[in-house]
Amino acid sequence: MLEVAHHLARVGRYTEALAEYDKILEADPRNTTALEQKGGVYYSLGRHEDALACYDRALKLDPHLLTTWYEKGYTLRKIGRYAESIACFEQALALDPENSLAMANKGYSLNELGRHEDALACFDRVLASGSSNIRVMASKGIALLGLGRNKEALAIFDQALGFNAINSFVWQHRAEALRRLGRTADAEESLRHVTGR
């Protein structure tokens, strides 16, 4: 039944998937896998509070569910509840200190709260593992901008563009670093990669 429900969710047949998860949970209310996956369907539908309720139910049954802590944190981050999301990512990291997804997402939330030094530490840990994650690199650059370390930010944006030269998000923030460094013409050139003009 879980496989059927998961398949329905994967192909976007969310209403049917929810019905299947409800059947599973009626037979086995303590099925944390069904609760987590049902939460994922609610997330896909934009029903974030329902998703969080599923994750909370699962975590009440078993507080050692790494992916559930991560999914709850991710959902909270997506709806702007950054401090709560950080607490969830910390729970995930307590279970698996090497979890780069939880570490990166903790950093994203910290950046949103203006806690750039703490965010930088998260991004450095992810990148130290040899990751070439452009999103993490760009976010490290944003943290550096937040700290006024504009030359370092420019260097990390250039490094990110070495992996993906068409990423407009990176070009936009590179332009900001150049602008702050007084390099207005170079900033305008960077922005042309965003606007196409």
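Predicted model: local features only at pLDDT ≥ 70, side-chain atom pairs only at ≥ 80, totals over all residues.
Local features need pLDDT of at least 70, side-chain atom pairs count only at pLDDT 80 or more, and totals for chains, interfaces and linings use all residues. Residues are numbered from 1 along each chain as its sequence is written, and side-chain values use heavy atoms, without hydrogens and water.

Q: How many helices and strands are there in the chain?
A: Helices (H or I, at least four residues) and strands (E, at least two) are DSSP runs, numbered from the N terminus. The chain has zero strands, and its helices number twelve.

Q: What percentage of the 197 residues of the chain count as buried?
A: A residue is buried when its relative accessible area is under 20%, with a 1.4 Å probe and protein chains only. Of the 197 residues, the buried share is 43%.

Q: Are α5 and α6 roughly parallel or roughly antiparallel to each other?
A: The axes, lines fitted to C-alpha atoms over the stretch in contact, form angles from 0 to 180 degrees between N-to-C directions. Those of α5 (residues 66–78) and α6 (residues 82–95) come within 8 Å and cross at roughly 160°. Angles over 145 degrees count as roughly antiparallel. The two helices are therefore roughly antiparallel.

Q: Which residues of α6 make the contact with α5?
A: Contact means heavy atoms within 4.5 Å. From α5, the contact involves L66, W69, Y70, K72, G73, Y74, L76 and R77. The residues of α6 are Y82, E84, S85, C88, F89, Q91, A92 and L95.

Terms used. Parallel < 35°, antiparallel > 145°, perpendicular 65-115°, else oblique. Buried < 20%, exposed > 50% of the residue type's maximum accessible area, 1.4 Å probe, protein only.
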